[in-house]
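Let's walk through this one together, a question at a time. Have the sequence and the 3D view open as you read.

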Number of protein chains: 2
Amino acid sequence: MAKRTETAGRLDDAARAGWLYYVAGRTQDEIASTMGISRQSAQRLVSLAVAERLIKVRLDHPIAECLELGEQLRKKFGLVHVDIVPSDPGSSSTTIGIAEAGAAEIERWLKKSEPIVLAVGTGRTLKAAIDQLPTMECPQHRIMSLTGNIGPDGSAAYYNVIFSMADAVKARHYPMPLPVLVSSIEERDLLHKQSLVQSTLQLGRQADVAFVGIGELGADAPLCLDGFLDPEEMARLMEDGAAGEICGWMFDRDGKLLDGSINERVASVPLPPRETTTVIGLAKGKRKYLALLAALRGRMINGVITDEATARYLLSA
Amino acid sequence: MAKRTETAGRLDDAARAGWLYYVAGRTQDEIASTMGISRQSAQRLVSLAVAERLIKVRLDHPIAECLELGEQLRKKFGLVHVDIVPSDPGSSSTTIGIAEAGAAEIERWLKKSEPIVLAVGTGRTLKAAIDQLPTMECPQHRIMSLTGNIGPDGSAAYYNVIFSMADAVKARHYPMPLPVLVSSIEERDLLHKQSLVQSTLQLGRQADVAFVGIGELGADAPLCLDGFLDPEEMARLMEDGAAGEICGWMFDRDGKLLDGSINERVASVPLPPRETTTVIGLAKGKRKYLALLAALRGRMINGVITDEATARYLLSA
DNA sequence: TCTGTTTGTGGGTAATTGCTCATGAGCGAA
DNA sequence: TTCGCTCATGAGCAATTACCCACAAACAGA
């Protein structure tokens, strides 16, 4: 009993010290002298007050909610980068907010003075982000494309982002003069033997950061719309358990790459190793929920930029 | 962020930095590197977040001594609400601690789901409390001002709180477009006949809770500083036994409203009946000792938020 | 009473933070 | 266009705080 009251008394002191420190804004020296203890003890009381959660701090700003969700996402999926932007329920855009936040993050990386290798995938979301980039001079960096930029008909694919990006930020850039999907594993190996492609492939392994879109599947998936897959193939893939794709790499609901022949025909650079590379996925919206969740589950990506509504879904799943 | 010079964007960044610092417990160096800015900028954002009152700190622990004092005060004056915060002997602020505790109590009332009528007085202490309120959505409640918000020169009085409050908590609000003191009883009656004022007057009678400051008298009393009374009038009032005022209503050392003509010129809403309304006075500090004691003695208020030192005085008196 | 353990204390020191100053970019007025 | 103003920035430095360590007091069990 004596011990109980003593502990309570100590908590009281902690509360008092914490109050003086955080609310009244005094220094620990002042607290020590008013409470008649040493400065070190005052410091201990203050940190005890924090540890015992006697001190509640809160942020009164709309962003607070996003940061909170982000922190939970980070823990749940072991992410190294999270950015949650506010949802705008009134907008039907699939990129609003994500694009700006993605551009900000890309810019942050490009601002570094030491040289980095920045990899990009493709897709509408990523294109929108690139369009938000300011013009910069980054001769120290190299940017490379993880995916081919040739359409199934031989033309340049619509959402090839590497050239738009190189246009905005002046840096050496390494495109992939290939289609995303080729007809066979032999063709892929043949194409990958080109020296130009070889150097890009190697660059992919040493990328510091990669920004990728998350492709959902279905009849109106990007891969179908852009003509890489016809609806029957897509339907077959989905029957085989495909849940989404990143740079063409198909994965199932657990974020494992599919074993079937489809991934043997993907001519993209393998996703950089998540142990050494920050691979940031950009996606939001109901249509991407399943694909994004799978990618996170399987650690295909270790960073994400999304919106509040999507973050809530990912947390509840 | 393409446009980094935007003020709103800067506040967003400040919120981010403040959250990372206070909630996530990161150092400013870490914040700087994750946000891609220099440490100094991070420090500035954190202090900006504090300066803009985005960060609200609160102590959530009943300090035994304060509880004890509060209980004694409750018994002695028959109070329905008591809140004692620690004293900071080194601070000259007249609102530190009281403001935060007042805001917490106001918030507690506003969180109720059933609609309430919340009345506020005016004064520096109350203004400081309002400034600590988080933004809330409270369309179910009505907040009303017990006192006029027009200065003696026709301008808006400095410490008018109702608009600041309505700004933070979105609720219907009913100001008093009158001065605190008018020139005669006839003028007051005339002004009170306005329909707008009529509805506010009626609302005052049905208030569920009222938060009021306690005005001390003297040459540097708020009423003098704000120009409602000149020093001679003040001196005369004090000779007549005035000890303090709440919303302009003058009372003597026993907390009885003064009979003299002064109270006939007060245009404020009568204090809500203490039988049905919780009227909470916020005050601390030597200068308010007498006025607060008188208000408690006369049951002008049946709730109080003050500090340890003041509570001790009130108990010893 | 002795002994091992827990808990608090003060000293010392490295890390962190707050502040001031000089600089330069951005912007509106002349 | 140029001037003057404001404001954000980064550097350096001083103040403040956090952490580590050894020691002492309190305490429980033998």
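Q: With which residue does Glu65(A) form a salt bridge?
A: Bear in mind that this is a predicted model. The closest N and O atoms of the pair are 3.3 Å apart, and the partner is Arg312(A).

Q: Over which residues of chain A is the pLDDT below 50?
A: Overall, chain A has a mean pLDDT of 88, and 96% of its residues reach 70 or more. One stretch falls below 50, and beyond near neighbours in sequence it has zero contacts in the model. Where pLDDT is low, the predicted coordinates should not be read in detail. The stretch to treat this way is residues 1-5 of chain A.

Q: How much area do chain A and chain B bury between them?
A: The contact draws on 32 residues from chain A and 40 residues from chain B. Of the buried area, 57% is on carbon and sulfur atoms. On the side of chain A, Trp19(A), Arg58(A) and Asp60(A) lose the most area to chain B, together 21% of what that side buries. The area buried between the two chains is about 3400 Å².

Q: Which residue of chain B meets Arg58(A) in a salt bridge?
A: Side chains of opposite charge can pair when their charged atoms come close. For Arg58(A), the N to O distance is 2.6 Å, and the partner is Glu107(B).

Q: Which element gives the most to the side of chain A that touches chain B?
A: There are 15 residue pairs in polar contact between chain A and chain B, with both residues at pLDDT 80 or more. At least two residues of the chain A side come from each of α1 (2-23), β1 (55-59), α4 (63-77), β2 (81-85) and α5 (98-110). That side divides into 16 nonpolar, two polar and 14 charged residues. With eight residues, the element that gives the most is α1(A).

Q: What is the bridge partner of Arg58(A) in β1(B)?
A: β1(A) is joined to strand β1 (residues 55-59) of chain B by five bridges, and the two run antiparallel. In this pairing, the bridge partner of Arg58(A) is Lys56(B).

Terms used. Residues are numbered from 1 along each chain as its sequence is written. Chains are lettered from A and ligands numbered from 1 in the order in which they are written. Side-chain values use heavy atoms; hydrogens and water are left out. pLDDT is the predictor's confidence in each residue, from 0 to 100. Contact means heavy atoms within 4.5 Å. Buried area is the accessible area (1.4 Å probe) that two parts lose on being put together, summed over both. A salt bridge is a side-chain nitrogen of Lys or Arg within 4 Å of a carboxyl oxygen of Asp or Glu. A polar contact is a pair of N or O atoms within 3.5 Å; within protein, one must be able to donate a hydrogen and the other to accept it, and residues adjacent in sequence count only if both atoms are side-chain atoms. Helices (H or I, at least four residues) and strands (E, at least two) are DSSP runs, numbered from the N terminus. Ala, Val, Leu, Ile, Met, Phe, Trp, Tyr, Cys and Pro count as nonpolar, Asp, Glu, Lys and Arg as charged, and the others, Gly among them, as polar. Two strands pair if DSSP finds at least two bridges between them.
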